[in-house]
Amino acid sequence: MTWRVCACDIKFPNKSYNKIGGGMNRRGSQVTLYSEDGVSLFEGNRQVFVPTALYKGAKVAVKAIADKVELNRTLLLELKRLKDIHHDHLARFYGACLDPPMPCVLIEYCPKGSLQDILENDQFKLDAMFRYSLMHDIIKGMSYLHASEVRSHGDLKSSNCVVDSRFVLKITDFGIHRLREVVREEEDSHAYWRRKLWTAPELLRMGPDAPLDGTQKGDVYSFAIIVHEIVTREGPWAGTPDPDMSPYGECVVHVHVQLPCSAPSLPRAARCRGVATVRRR
């Protein structure tokens, strides 16, 4: 099983990280690391730092999975598929460690953090060409993913798009939904509904019966929301009549479910040449 990782091969930069609680804070199912060396991602409305480690000389992002994983045939096939996927715009899956004390998956480390980080950082100047490049990288990665045996992402959003040292965007967190533990926020919480803002309305209507891996059409919808984020730099659904609506659940129900044909508005000044090119393609 080429995807299987031995815990002894994972070397954390600080030896204390090899112990439960050493530099890591496990809250329910979410493992976070408060360190400048972590990969910055967003979960809900809070910033999360994913721990990094060295694996056979390569720096990797370490993401926690369920403590007990049942290795059935479906999961074994999924892990093999992930291990076999190699593409310039998909974060490499190094493998999974199922050994205590910290079951985890190892994914390619991208030092610039997530696309959401970049969009919310005013120090990054995004001209039309750079915006187009970000969108085109997502298109190329998703096109490959949709043509592969993985078929769909199911949780595509700006925080699941990471950027490497060369400012190449790569898609991450695909195909491991059955391994990753999900933070189950209360349905009336801000974080719970914010996570739904990239979800296609037909999947929202299905509720808990929605496929775990999503659908290709649902991924296209999520991509459209990301394009809007790149153009406006104001977050998902910016420009709606009441973008600060609280809780987000009201926005999701109103925009996604009751009015499925609606879409975020796009300021005229934000309609850059890159977006027009992507639409034509």
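Modeller: Let's start at one pairing: Ala64 stands opposite Cys104, a residue of strand β9. Helices (H or I, at least four residues) and strands (E, at least two) are DSSP runs, numbered from the N terminus, and two strands pair if DSSP finds at least two bridges between them. Before we go on, note that this is a predicted model, in which local features need pLDDT of at least 70 and side-chain atom pairs count only at pLDDT 80 or more, while totals for chains, interfaces and linings use all residues. Residues are numbered from 1 along each chain as its sequence is written, and side-chain values use heavy atoms, with hydrogens and water left out.

β7 and β9 run antiparallel and are joined by five bridges. Along this pair, Val60 also faces Glu108 of β9. β6 and β7 form a hairpin with two residues between them, and Lys56 in the turn has a positive phi of about 55°.

On to β8, which is joined to β9 by four bridges, again antiparallel. Gly95 has Leu106 as its bridge partner in β9, and the hairpin of β8 and β9 has six residues between the two strands. Put together, the order is β1-β6-β7-β9-β8, an open sheet of five strands with antiparallel pairing. β1 and β8 (93-97) are the edges: each has a single partner strand, so one side of each lacks a neighbour in the sheet.

How covered are these strands? Here buried means under 20% relative accessible area, exposed over 50%, and partly exposed in between (1.4 Å probe, protein chains only). β7 is largely enclosed by the rest of the structure, because five of its seven residues are buried. In β9 (residues 104-108), five of five residues are buried.

As for packing, a nonpolar core is a set of buried Ala, Val, Leu, Ile, Met, Phe, Trp, Tyr and Cys residues joined through side-chain atoms within 4.5 Å. The largest one has 44 residues, and those touching the most other members are Phe93, Ala96, Val105, Leu115, Ile138, Ile171 and Ile226. Among the elements giving it two or more residues are β8, β9, α1 (73-84) and α3 (128-147), while α6 supplies the largest share, seven residues. A second, separate core of 12 residues includes Ala53, Tyr55, Val60 and Leu106.

Finally, the cysteines. With a disulfide taken as a pair of cysteine sulfur atoms within 2.5 Å, the structure holds zero of them. Cys8 lies in the segment before β1 (10-11), and its C-alpha atom is separated by 9.5 Å from that of Tyr55, 47 residues apart along the chain. Cys8 counts as partly exposed because its relative accessibility is 49%, whereas Cys110, at 1%, counts as buried.
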